[in-house]
Amino acid sequence: MSYRFSARTGWDVGESGFARAIRETRASGRRLYDLTISNPTVCGFEYDVEGILGALKDNRAMSYDPDPRGMRSAREAVAEYYANHGAAVDPDSVVMTTSTSEGYGYLFRLLCDAGDEVLVAQPSYPLFDFLADLEDVRLRPYPLFYDYGWWIDFAELERRIGPRTKAIVVVHPNNPTGHATEAGERARLEEICARHGLALIVDEVFLDYPIAADEKLMSFAGGPHPALTFVLSGMSKISGLPQMKAGWVVGLGPEPVRREAMGRLEVIADTFLSMNAPVQLALPVWLAGREGIQQQIRERVRENYRVAVEIGVEVLRLEAGWSAILRLPQTEVQDRVVDRLLRELDVVVHPGSFYGIAEAGRVVVSLIGPPDEFSLGMERLLRANRWNQDS
């Protein structure tokens with residue numbers, strides 16, 4: 001008996017050759033130096049376990065009082081978070097979600113009909129491809145280019161706006177480039193969106209993690225907002241709690257379009273009512289205690305970044321986030337470089353192609369892994385710099 005499935009889920013769901021090679025290498029007993037670990041809960045950080053779990057034991061969670069935007073207390077805590085970033089956010093402009101992924105799904109449904117287009121930076125995280133497929137939305141990449149730092153190619157971005165373009169997505173700071181959108185770039189993005197009648201979707205999950213110790217990144221939640229703007233974030237990165245499944249969307253922009261957008265967004269959220277009460281009640285506690293884990297993560301990222309730079313492997317400049325792009329000898333295509341690193345050096349990295357990086361020899365590593373493991377992995381990776389000489 002055969003079944004026909006939706007074309008939107010027509011992905012290759014088999015195990016990739018790279019994943020199979022990692023699995024087989026682990027099974028053989030060889031030690032792997034995994035430089036792709038990005039889950040903070042397995043990186044040796046010290047969490048306030050009692051405080052985090054204790055916040056879930058709120059008797060008010062036994063009463064069901066659904067609000068499609070989320071509980072007022074949770075939305076007020078989100079507003080307070082932005083106040084600490086110098087941005088005045090009305091709790092009524094916040095819609096709680098279980099993740100930024102769900103937030104993207106809500107926004108794609110709000111803004112796009114089937115076949116409409118959304119512009120997304122490249123390089124960028126590949127999750128967008130799946131989210132767009134599920135909503136029958138087409139993604140069109142606009143390039144970031146590297147010139148002693150990462151920059152938006154605005155001329156190419158505007159060329160890629162078409163009659164079916166509905167929104168521009170900006171990840172601030174970008175993953176994996178670490179590009180933080182500076183004030184001039186923001187103003188130009190907003191002008192383009194306002195002129196073309198596009199929404200601006202800004203993902204700020206890495207906002208609290210600048211590389212420079214004396215720097216604080218500004219949120220797009222701060223005004224003014226000449227274009228319809230949606231800011232997304234959540235607890236996965238802000239408090240290092242990806243397992244708690246808590247995120248949000250903040251709707252901003254000129255009235256009355258913002259009011260109409262929020263009304264429609266509220267209906268979408270009301271259809272699902274996905275946020276559970278214990279997490280919403282705990283969220284103010286988790287946000288209030290975020291600095292403890294954030295400080296540990298920032299210190300880890302800065303130390304591993306220093307090791308990567310000083311050890312002798314070329315590291316492309318980054319401004320924020322948890323990832324770094326390395327430039328290795330360009331004797332082979334990316335996937336072969338990554339396969340060779342695994343086979344010959346027992347080092348696991350992501351190929352740049354995973355993020356849409358076309359240049360040869362680019363690989364991506366996570367900067368939040370345990371320092372000893374990271375240093376040992378980078379020392380082994382340094383041997384790849386001799387491949388040009390040995391070839």
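Because the model is predicted, local features require pLDDT of at least 70 and side-chain atom pairs count only at pLDDT 80 or more, whereas totals for chains, interfaces and linings use all residues. Residues are numbered from 1 along each chain as its sequence is written, and side-chain values use heavy atoms, with hydrogens and water left out.

Grid points are joined across faces, edges and corners, and a volume is the space filled by probe spheres set on the points. The largest pocket has a volume of about 720 Å³. Its lining comprises 35 residues, and those nearest the pocket centre are Tyr125, Asn175, Phe206, Ser236 and Lys237. Two or more lining residues come from each of helix 4 (100–111), helix 5 (127–134), strand 8 (229–234), helix 8 (235–238) and strand 14 (362–366); helices (H or I, at least four residues) and strands (E, at least two) are DSSP runs numbered from the N terminus. By residue class, this lining holds 16 nonpolar, 16 polar and three charged residues, where Ala, Val, Leu, Ile, Met, Phe, Trp, Tyr, Cys and Pro count as nonpolar, Asp, Glu, Lys and Arg as charged, and the others, Gly among them, as polar.

The second largest pocket has a volume of about 350 Å³. It is lined by 21 residues, of which Asp65, Pro66, Asp67, Met71 and Gln280 are the closest to its centre. At least two lining residues are supplied by each of helix 3 (72–83) and helix 10 (277–288), and helix 10 gives the most, with three residues. The lining of the second largest pocket divides into 11 nonpolar, six polar and four charged residues.

The largest cavity is lined by Ala121, Tyr142, Leu144, Ile152, Val170, Val171, Asn174, His179 and Thr181. Strand 4 (138–146) and strand 6 (165–171) each give two or more residues to this lining. Six of the lining residues are nonpolar and three are polar, with no charged residue.

An open sheet is formed by four strands in the order 10-11-14-13, with antiparallel pairing; two strands pair if DSSP finds at least two bridges between them. Strand 10 (314–315) and strand 13 (350–351) are the edge strands, each pairing on one side only. Strand 10 pairs with strand 11 (residues 323–327) in the antiparallel sense over two bridges, and Val315 stands opposite Leu326 in strand 11.

Side chains of opposite charge can pair when their charged atoms come close. A search of the whole structure finds 31 salt bridges, each defined as a side-chain nitrogen of Lys or Arg within 4 Å of a carboxyl oxygen of Asp or Glu. Arg26 forms a salt bridge with Asp34, with the closest N and O atoms 3.5 Å apart. Accessibility is classed as buried under 20% relative accessible area, exposed over 50% and partly exposed in between (1.4 Å probe, protein chains only). Arg26 counts as partly exposed because its relative accessibility is 47%, whereas Asp34, at 17%, counts as buried. In helix 12 (residues 334–345), Arg340 and Glu344 are four residues apart and therefore separated by about one helical turn. The closest N and O atoms of their salt bridge are 2.9 Å apart. Arg340 is buried, with a relative accessible area of 17%, and Glu344 is partly exposed at 41%. Salt bridges that share partners join Asp67, Arg69, Arg72, Arg75, Glu76 and Asp92 into one network. Within this group, the side chains of Asp67 and Arg69 meet at 3.6 Å, N to O, and Asp67 is partly exposed, with a relative accessible area of 25%.

Gly115 lies in the loop between helix 4 and strand 3 (117–122) and is partly exposed, with a relative accessible area of 21%. Gly115 and Val137 are 22 residues apart in sequence, while their C-alpha atoms are 5.3 Å apart in space. When residues up to four places away in sequence are not counted, Gly115 touches Asp136, Arg138 and Arg164, contact meaning heavy atoms within 4.5 Å.

Note on methods. On a 1 Å grid over the protein atoms alone, a cavity is a set of points where a 1.4 Å probe fits but cannot get out, and a pocket is an open set with protein on both sides within 12 Å along at least five of seven lines; lining residues have an atom within 4 Å of a point.
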